[in-house]
Amino acid sequence: MNELSGTGGNVQGFEDHPDLNTDEPWVRQALARSRRERRRARLRSRGAKAGCAALALVVAAGAALWMRETTPQAGTPQAGTTTAAGSAGTTTTSATPVTTVDDWRRVDPADPFAGTPATTWADGAAGVTAPQAAPVGPYSAEEVAAAYERTRQVLITARLDRKVLVDHDVEPLLALFAPDVRQDVRADLTTPNAVSHATRAAREFALLPVEPKVTGSMAARLDEDGLLTVGTDYLVAYAFAFEDDDRVVNPMDVVVVTRMKADYTTVSGPDYAQGSQGTWPRRMEGYTYSMACGKAREGFIAPYYSERDTGFDAPATSAPPHERYFDQGMSVSLDEGRQCV
């Protein structure tokens, strides 16, 4: 089946047959239905890919990588990798969080990010910012601004809303997507790929009463079909509660970092079915760092210390630097550190 060229491109196929070159009302209606169905089939195909299980799930002992991708319909110190349509994938990679013996037990519950690169990031939703909107292709600055705001709300809900993060109530997130893609996203949220759509803390571990730290960026562009798409790249650091535990020896024992590069496409206009109108999550890739492998395999985040033996002896030598996992300039395809197996 040939694909459309943009949202309003001409379909090359049986519609161009000479016998259909007429202004008869039934012909116009049939052609319109055909175009809608082909757009729907194409978007559904992408959505199916996005909803599919990860093509590759590599969980590392410290950081996790993942990747996925979806298409609208017409009318993870551990590391791992996941891929699907609509999102691109995730990786979890783990490196021993301890740096030196001098860092032992220097974790302040009131300031858990101190000593990590995230300490200078913005608090919570204040870190999810959009640039000044400008026209993109046929879309006006006002339409681009609206797309930025829709995307911003998706990111805040998916990564920061305590209903999703703590209570595991995904309905507020699903409500922000086009009806036709909600079922696919809901299905993904029951798999290890869940982190590509939303971050959820394992129920066994409480988060500290501090806002996660956030940094990142977003930018609008046209996708291959001429649809308005907002590309995002955000890092979020979460701090977990802890007691006077011998396993907690530095901030990276309680701080979990996630990074997600995700595209969100706006589908609108008469060429698309009503159920496809709205925001679609598309290609996604990222990683989770310094988390517990076991919970990462289930699609949740949990503190690194939870999988360390109580009798752990911190090494006197430096561990691989973890700063790279806080660096937006680094590739998401990190392959260093121990893998969660």
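**Why these words?**

Mentor: Let's start with Glu298, which counts as partly exposed at 43% relative accessibility.

Trainee: Why is Glu298 called partly exposed?

Mentor: Buried means under 20% relative accessible area, exposed means over 50%, and partly exposed is in between, with a 1.4 Å probe and protein chains only. Glu298 has 43%, so it counts as partly exposed.

Trainee: And what is this model based on?

Mentor: It's a predicted model: local features need pLDDT of at least 70 and side-chain atom pairs pLDDT 80 or more, while totals for chains, interfaces and linings use all residues. Residues are numbered from 1 along each chain as its sequence is written, and side-chain values use heavy atoms, with hydrogens and water left out.

Trainee: What makes Lys295 and Glu298 a salt bridge?

Mentor: A salt bridge needs a side-chain nitrogen of Lys or Arg within 4 Å of a carboxyl oxygen of Asp or Glu. Here the N to O distance is 3.6 Å, so the pair qualifies. Salt bridges with shared partners join Glu204, Lys295 and Glu298 into one network.

Trainee: Is Lys295 buried or exposed?

Mentor: Its relative accessibility is 18%, so Lys295 counts as buried.

Trainee: How many salt bridges turn up in the whole structure?

Mentor: Nine. Among them is Arg282 with Asp223, at 3.3 Å from N to O. That pair links distant parts of the chain: Arg282 sits in strand β8 (residues 278–289), Asp223 in the loop between β5 (213–222) and β6 (228–239), and they are 59 residues apart. Both Arg282 and Asp223 are buried.

Trainee: How do you know what counts as a strand or a helix?

Mentor: They are DSSP runs numbered from the N terminus: helices are H or I with at least four residues, strands are E with at least two. This chain has seven helices and nine strands.

Trainee: How many aromatic pairs are there, and what makes Trp121 and Phe326 a tilted one?

Mentor: The search finds three aromatic pairs. Rings of Phe, Tyr and Trp (its six-membered ring) pair if their centres lie within 6.5 Å; planes under 30 degrees apart are stacked, over 60 edge-to-face, and the rest tilted. Trp121 and Phe326 have centres 5.8 Å apart and 55 degrees between the planes, so they're a tilted pair. Trp121 lies in the loop between β3 (86–94) and β4 (122–123), and Phe326 in the loop between α7 and β9, so the pair ties together parts 205 residues apart in sequence.

Trainee: Are those two residues buried or exposed?

Mentor: Trp121 is buried at 11%, and Phe326 is buried at 6%.

Trainee: Why is the pair of Tyr287 and Tyr325 called edge-to-face?

Mentor: Their centres are 5.8 Å apart and their planes are at 75 degrees, so the pair is edge-to-face. Tyr287 lies in strand β8 and Tyr325 in the loop between α7 and β9, so the pair joins parts 38 residues apart in sequence. Tyr287 is buried with a relative accessible area of 0%, and Tyr325 is buried with 0% too. Together with Tyr289, they form one aromatic cluster.

Trainee: What is Ser306 in contact with, beyond its neighbours within four places in sequence?

Mentor: Phe205, Arg247 and Ala292. Contact means heavy atoms within 4.5 Å.
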